[in-house]
Amino acid sequence: MHRAGERAGERSAQDGANQSPGDGPAPGGGGPPVVDHVPTDDGVVFLTYDDGAERDPRFVELVRERRLPVSMFLTDSVVGPGYAHFARLRAVGASLQNHTLDHPALRGLPYAGQRAEICGQQRKLESRFGVRPHLFRPPYGTYDATTLRAAADCGIAAVVLWRVTLDGDGDLAYTRGAHRLTRGDIVSVPSVDTPSLSLADRTARLLRELEERGLRVGRLEDHLRRTGPSAVRGRGRSGRSGARSGSPRDGRRSAGGPHTPVRTSPPYRRRAAGHWHSA
Ligand SMILES: [Zn+2]
């Protein structure tokens with residue numbers, strides 16, 4: 001369900017008004033910080049949901065009832081006509097963030113294409129919701145220095161990866177570090193093809209685990225703002241996140257590794273099986 005005027009190539013011409021594709025580094029040269037964990041003394045973790053494929057009405061209710069300040073990283077071609085669902089989520093306290101127009105693996109792509117994917121979704125979300133996102137999650141968690149430059153040029157304040165993944169069975173996997181939830185963890189909830197638990201049930205299960213550990217859900221934007229540059233992990237390092245999409249660690253699937261394709265919706269059916277992964 002591609003719509004006319006939404007394709008990346010057409011976007012880049014508009015973007016070029018401010019900076020020609022292939023120009024030098026972004027002002028300051030560093031680009032936005034890349035975070036997968038936020039150092040904090042607060043007993044909080046951050047729940048982030050990817051793509052926008054699962055539209056579970058009970059999840060909206062859960063976010064409302066529990067006042068969960070979750071972050072939704074949305075891909076335009078996945079959400080398609082489903083933006084009303086995310087408007088409801090936003091109305092009950094979720095924040096809506098950028099996960100590209102069409103979910104490509106950005107690493108290695110030219111500046112113009114990367115910028116079109118990021119800036120295009122900034123504009124899309126702004127036109128739908130009147131708010132310009134500050135956070136960006138690269139599809140599959142893969143990015144390079146060009147991604148950071150493009151993100152900076154599109155007004156992104158931080159590139160958000162994850163240390164923890166919640167899978168379709170409600171189980172947690174860890175990309176690095178301790179195999180338990182700790183304060184400041186960023187938890188990614190990817191779209192999965194046939195989850196055994198609904199999004200609401202998976203989230204409720206995670207909330208019970210948080211309670212047992214004395215943790216609660218924090219608002220990622222607030223804590224990133226509060227923590228500032230010290231939250232940075234891997235600023236500008238281009239190889240790190242790509243490495244995490246490799247083979248399983250510790251005998252189990254890496255949280256950043258291949259996952260089952262997300263649930264089918266019209267844009268997905270056109271894709272080769274296995275194209276859609278975690279994040
Ligand atoms: Zn994704």
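Predicted model: local features only at pLDDT ≥ 70, side-chain atom pairs only at ≥ 80, totals over all residues.
Let me begin with helix α2, residues 57-66, whose buried residues are Phe59, Leu62 and Val63. These three cover an arc of only 95° around the axis, and therefore they lie on the same side of α2. On the other side of the helix, Pro57 and Glu65 are exposed. As for what covers the buried residues of α2, this includes α4, residues 83-91, and α7, residues 199-212. Just after the helix comes Arg67, which takes a positive phi of about 50°.

Now to the strands. Strand β2, residues 44-51, pairs with β3 in the parallel sense over four bridges, and in going from β2 through α2 to β3 the chain makes a β-α-β crossover that is right-handed. Within this pairing, Leu74 of β3 has Asp51 standing opposite. β3 also pairs with strand β4, residues 95-98, again in the parallel sense and over four bridges, and there Phe73 has Gln97 as its bridge partner in β4.

What, then, of the two faces of β3, residues 71-74: are they covered or open? Both are covered, with Ser71 and Phe73 buried on one side and Met72 and Leu74 buried on the other. In a regular strand, side chains alternate between the two faces of the sheet.

To set this in the context of the whole protein, the secondary structure comes to 10 helices and 10 strands, and buried residues make up 46% of the 279 residues. Finally, if we take the contacts between residues at least 6 apart in sequence, 78% of them join residues at least 24 apart.

Note on methods: Residues numbered from 1 in each chain as written. Buried ≥ 20, exposed ≤ 12 C-beta atoms within 10 Å, placed from the backbone. Arc of directions from axis to C-beta. Contact = placed C-beta atoms within 7 Å. Pairing = 2+ DSSP bridges. Right-handed = clockwise from strand over helix to strand, strands pointing away.
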